[in-house]
Amino acid sequence: MLSKFQPQLLSVLRILSGFILSLHGWQKVFGMFGGLPANLPANTHTMLMAAGWLETIGGLLLILGAFTSPVAFIVSGEMASAYFIGHFPRSGNILPITNGGDPAVLLAFIFLYLCAAGGGAWSADKIMGRDKR
């Protein structure tokens, strides 16, 4: 029934997941939504700021649908790293429900899907002729 809208719904998924990703970047980079804790070790702060810039810039590019496949691949890996570096050690249990890693796991797989599927009907890639799907 909705299959005829698949290209548009793919774009909606890309835009919303890119926006959610960018919110996490804004939190880390610009201190919005509570920001980062003030007492982080320097190496952790540096790692989170790097992740924040990936999320901010990657999220913006995904919202626009620009360079969707390579950007989605990079942020998918970042989300997988966030899960195994930041969430998994919290409980030592691989189940995301036990360590708060649900959003990281879901975003990692959404971005992996976007890497394969492209940006959908409403994307800069489609407009510029970079996405022939």
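What radius of gyration does the chain of 133 residues have, and what value would a compact globule have?

**Figure 1. Overall fold of the predicted model.** The radius of gyration of the chain is 16 Å, which agrees with the value near 14 Å that a compact globule of 133 residues would have. The C-alpha trace spans about 50 × 30 × 20 Å along its principal axes. Six helices and zero strands are present, giving the pattern α-α-α-α-α-α along the sequence. Of the contacts between residues at least 6 apart in sequence, 60% join residues at least 24 apart.

Figure 2. Buried residues form 33% of the 133 residues.

**Figure 3. Phe33 in the loop between H1 and helix H2 (42-64).** Phe33 is a residue other than glycine with a positive phi, near 55°. Most residues other than glycine have a negative phi. Phe33 counts as exposed because its relative accessibility is 54%, and the cut-off for exposed is over 50%.

**Figure 4. Phe67 in the loop between H2 and helix H3 (68-91).** Although Phe67 is not a glycine, its phi is positive, at about 55°. With a relative accessibility of 43%, Phe67 counts as partly exposed.

Technical notes: Residues are numbered from 1 along each chain as its sequence is written. This is a predicted model: local features need pLDDT of at least 70, side-chain atom pairs count only at pLDDT 80 or more; totals for chains, interfaces and linings use all residues. Side-chain values use heavy atoms; hydrogens and water are left out. Helices (H or I, at least four residues) and strands (E, at least two) are DSSP runs, numbered from the N terminus. The radius of gyration is taken over C-alpha atoms; the globule rule is 2.2 Å times the number of residues to the power 0.38. Buried means under 20% relative accessible area, exposed over 50%, partly exposed in between (1.4 Å probe, protein chains only). Contact means heavy atoms within 4.5 Å.
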